Amino acid sequence: MKIKNGFVLRDVCGEQVIMGEGIGALDFGRLLSLNETAAFLWKIAQAGDFTVESLANKLCEEYDVALEQAKTDIAAIIKEWQTVGVVE
Amino acid sequence: MSLYKVAEHIFEVKFNTSANAEKSEPVLLENYSPFKLEYQKAKPVFSLEIFSEAFPKETTEETRQVDEGQEIICGKTLDGNFTFSFFCDKRHAGTLLCNTDFNKGQLYFPQALESIKLQTFALNNSLMVLYALATANMQTALFHSAVIKNNGKGYMFLGKSGTGKSTHARLWLKHIEGSELLNDDNPVVRITEEGIRVYGSPWSGKTPCYKNESVALAGIVDLSQAPYNKIEQLHGIKAYLPLLYSISGMRWNKTLADGLHQTQNTLAGNIPIWHLDCLPDKDAARLCFENIKG
């Protein structure tokens, strides 16, 4: 999986928000607000291809969370990203 | 060659000999006359040269924007410069070529084009595009908005085309004492050391209101049509969103998007921003004024 071209993470009035700015993302027509964990994952996912496992490993390095719990949480976040169409 | 100053930013407009502009120039630039400078040492933020000849480069389309019978096709040339083709009711009015530093533009009128109306349309759009791009990183924003001046303060009304920005401004003129129209369609906002100010411009939609003046910006109101009148103040992302939709820019360019984003965050954090559900009536104007006048 990877983040689609044209989506960027911005600090909007102190909140972490995904915006569709690039060509191809201009029709996004909304802002997607991320919590701290989701914003952390997004920054890692920006680097290129990712999987639930690759993100879970990174999350466990940074936060005190069990690997299985991390995978469940990340799968839920990625499902939301797929639903709104910001990853492919 | 002529120099103009809009919201303290200077730009230059010149006609190539191909444009045969002796007759058309005064007409085309009429709304710019309050902004004309006789002499200026400072360097312009951009210059535009106008031609009347076929567009000389091959272009590829990137995206297009359609609004009320007007269309802008945005593209690129093979050497990476930006192009904007302007259409009014499906008629091609001109194509703007802009360099990657956003400080040099060339507008090409189609050779057979003799309609002053279409030429004016292309020229105004070219200057607005160049202005928005050249100043995006100078804490400056070209808005789609109607602005009322009252008691030395500026109040801006936002909303999608057809929402009734101009109508609401008219209601203030009629029912709120001391109100004056500063601009009806495209004012400029600047964040300066002296505060945040809103400026009149040579672009004002269908209403001839080209005022070379500015006031302190005291409130921004995002309008929606509704069968009732209701006002609430917006905060955080909700305050940011109407700004995002009302400021002109080419957001698919990262540098420009970064600059506009900073401006939008500053405005959302420093100017009271409101949402008004409204009818086109006197009560809407009174409710709005009583709440936002501070």
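In this predicted model, the contact between the two chains takes 11 residues from chain A and 14 residues from chain B. On the side of chain A that touches chain B, the elements that give two or more residues are strand E1 (7-12) and strand E2 (15-20) of chain A. By class, the residues of that side of chain A divide into six nonpolar, two polar and three charged.

**Chain A: sheet and helix pair**

The strands E1 and E2 of chain A also belong to an open sheet of three strands, which has the order E1-E2-E3 and antiparallel pairing. Its edge strands are E1 and strand E3 (32-34) of chain A, each of which pairs on one side only. Direction ignored, neighbouring strands of this sheet are turned by 35 degrees against each other on average. E2(A) and E3(A) run antiparallel and are joined by three bridges, and within this part of the sheet Gln16(A) stands opposite Leu34(A) in E3(A).

Chain A also holds a helix pair, in which helix H1 (residues 36-45) and helix H2 (residues 52-62) pack at an angle of about 125 degrees, with their axes 10 Å apart. That angle makes H1(A) oblique to H2(A), because angles from 65 to 115 degrees count as roughly perpendicular and those over 145 as roughly antiparallel. The crossing of the helices H1(A) and H2(A) is right-handed. Where they meet, H1(A) brings Phe40(A), Leu41(A), Ile44(A) and Ala45(A), while H2(A) brings Leu55(A), Lys58(A), Leu59(A) and Glu62(A). By class, this contact of H1(A) with H2(A) has six nonpolar residues, no polar residues and two charged residues.

**Chain B: sheet and covering helix**

In chain B, nine strands form an open sheet with mixed pairing, in the order E3-E1-E2-E4-E9-E8-E7-E6-E5. Strand E3 (36-37) and strand E5 (59-67) of chain B stand at the edges with a single partner strand each, so one side of each is left without a neighbour in the sheet. Strand E1 (residues 2-6) and strand E2 (residues 9-15) of chain B pair in the antiparallel sense over five bridges, and the bridge partner of Leu3(B) in E2(B) is Glu12(B).

| Strand pair | Sense | Bridges | Residues opposite |
|---|---|---|---|
| E2(A) and E3(A) | antiparallel | three | Gln16(A) and Leu34(A) |

Helix H2 (residues 116-135) of chain B lies across E1, E2, strand E4 (46-51), strand E6 (70-77), strand E7 (82-88), strand E8 (91-98) and strand E9 (104-108) of chain B, and runs at about 30 degrees to E8(B).

**Chain B: two domains**

The domain assignment of chain B gives domain 1 (2-135) and domain 2 (140-292), and the centres of these domains, taken over C-alpha atoms, are separated by 25 Å. In the contact between them, 17 residues of domain 1 of chain B meet 20 residues of domain 2 of chain B. On the domain 1 side of this contact, E5 and H2 of chain B each supply at least two residues, and H2(B) gives the most, with six residues. The residues of the side of domain 1 that touches domain 2 in chain B divide into 10 nonpolar, five polar and two charged.

Technical notes:
Residues are numbered from 1 along each chain as its sequence is written. Chains are lettered from A and ligands numbered from 1 in the order in which they are written. This is a predicted model: local features need pLDDT of at least 70, side-chain atom pairs count only at pLDDT 80 or more; totals for chains, interfaces and linings use all residues. Axes are lines fitted to C-alpha atoms, for helices over the stretch in contact, and angles run from 0 to 180 degrees between N-to-C directions. Helices (H or I, at least four residues) and strands (E, at least two) are DSSP runs, numbered from the N terminus. Angles under 35 degrees count as roughly parallel, over 145 as roughly antiparallel, 65 to 115 as roughly perpendicular and the rest as oblique. A crossing is left-handed if the near helix is turned anticlockwise from the far one by less than a right angle, and right-handed if clockwise. Two residues are in contact if their C-beta atoms, placed from the backbone, lie within 7 Å. Ala, Val, Leu, Ile, Met, Phe, Trp, Tyr, Cys and Pro count as nonpolar, Asp, Glu, Lys and Arg as charged, and the others, Gly among them, as polar. Two strands pair if DSSP finds at least two bridges between them. Domain bounds come from an automatic or database domain assignment.
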